[in-house]
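Student: Please take me through the terms applied to this structure, and show how each value is set against its definition.

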Amino acid sequence: MKLTIHALIALGACLLAPASGSFVSAANAQNVDWQKVDQTLGRKPAVSDDVHRYGFPRTDLSVTLDGVTIKPALALGGWVAFKPGHGGVMVMGDLVLLETEINPVMAKMIAGGLEITAVHNHLLRASPATFYMHVAGQGDPVKLASAIHDALAESKTPLTVAAPASPPPAVDLDTAKLDQIIGVKGQANGGVYQFNVKRRDPITQDGTALTPVGPMGVAIGINFQPTGGGKAAITGDFVLTGDEVNPVIQALRAHGIEVTALHSHMLDEQPRLFFMHFWANDDAVKLAEGLRAALDKTASTKS
């Protein structure tokens, strides 16, 4: 009799699960002590749906590439995102490090229960060279936050948030024209004009939908930093399936945009994804048209 009752309860749960998924996620989010996570990481997050994303920009670094001084929002913006699930949270992140910081930070991450899913470059010829460590984890949110904080303390990543000395400069580009070409609305952030372009296909990891895709790092990211006279330095990454990789390489190179890195960021996502980084410094509208040609080779959306 007990088995019959348990079977009916399990069946009822299965039948209800698909319809109540968002309610379960919302309930999980409410169970997380976000204030304690904020205190541990020393900053407030950007909140999108059930995801809390914490930025760790390398404002301490002065990095130049081809004569361009790179703003943090262009290519030095580390982050970690917390998404409720699996009885705690799923954590994903991309942290900006100098070469000498990689091993100390990695050791602390592993000791704290985080996994390392990638270490690589995004840029070429940058001085000093910067590297990007992707991390992942599941479990107690405060313990994971503490492990991330302690690992970053092994680097010179600023762990306190200083008030900006002055408002960010205006983006001196024809942003309406860029919006029209790229096909989605961009936004200014720290003197950089940024786009997040979503893919049409759903992306999952360990059975969890990686949504919203921008905060979880699986949207195509495109950044324009004005360099004067209508020009811009551009960088970011395309999120691609295997069959899209070489058509996008050809489209970017045909428009004078350098491909600077191609690699994975995660270990077991579905579908399998590759991340292609790029760089150019030229007329912003011309570069936007080149990026649009590359986007047309992908399963990306337009708004």
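Tutor: We begin with contact, which means heavy atoms within 4.5 Å. Helices (H or I, at least four residues) and strands (E, at least two) are DSSP runs, numbered from the N terminus. This is a predicted model, in which local features need pLDDT of at least 70 and side-chain atom pairs count only at pLDDT 80 or more, while totals for chains, interfaces and linings use all residues. Residues are numbered from 1 along each chain as its sequence is written, and side-chain values use heavy atoms, with hydrogens and water left out.

Student: Which elements do the buried residues of α6 pack against?

Tutor: They pack against β10 (192-197), β13 (220-228) and α8. The buried residues of helix α6 (residues 175-182) are L178, D179, I181 and I182. Just after α6, G183 takes a positive phi of about 95°.

Student: What makes E101 count as buried or exposed?

Tutor: Buried means under 20% relative accessible area, exposed over 50%, and partly exposed in between (1.4 Å probe, protein chains only). The relative accessibility of E101 is 6%, so E101 counts as buried. E101 is found in the loop between β6 (88-97) and α4 (102-111).

Student: How do you know that the side chain of E101 makes a polar contact with the side chain of R58?

Tutor: A polar contact is a pair of N or O atoms within 3.5 Å; within protein, one must be able to donate a hydrogen and the other to accept it, and residues adjacent in sequence count only if both atoms are side-chain atoms. The side chains of E101 and R58 make such a contact at 3.0 Å. Not counting residues up to four places away in sequence, E101 touches R58, S155 and K156.

Student: Why is α4 called roughly antiparallel to α5?

Tutor: Axes are lines fitted to C-alpha atoms, for helices over the stretch in contact, and angles run from 0 to 180 degrees between N-to-C directions. Angles under 35 degrees count as roughly parallel, over 145 as roughly antiparallel, 65 to 115 as roughly perpendicular and the rest as oblique. The axes of α4 and helix α5 (residues 141-152) come within 8 Å and cross at roughly 160°. Therefore α4 is roughly antiparallel to α5. The contact is made by V105, K108 and M109 of α4 and by I148, D150 and A151 of α5.

Student: What is the relative accessible area of K297, and what is K297 called on that account?

Tutor: K297 has a relative accessible area of 45%, so K297 is partly exposed. K297 is placed in the segment after α8 (284-295). Beyond four places in sequence, K297 touches E244, P247, V248 and A251.

Student: What makes L74 count as buried or exposed?

Tutor: L74 has 3% relative accessibility and therefore counts as buried. L74 is placed in helix α3 (residues 72-75). Setting aside residues up to four places away in sequence, L74 touches V192, N223, Q225, A233, T235 and W279.

Student: How do you know whether E269 is buried or exposed?

Tutor: E269 counts as buried because its relative accessibility is 2%. E269 is found in strand β16 (residues 269-270). The side chains of E269 and R272 are joined by a polar contact of 3.0 Å, and the E269 side chain reaches the backbone nitrogen of L273 at 2.9 Å. Leaving aside neighbours within four places in sequence, E269 is in contact with T204 and Q205.
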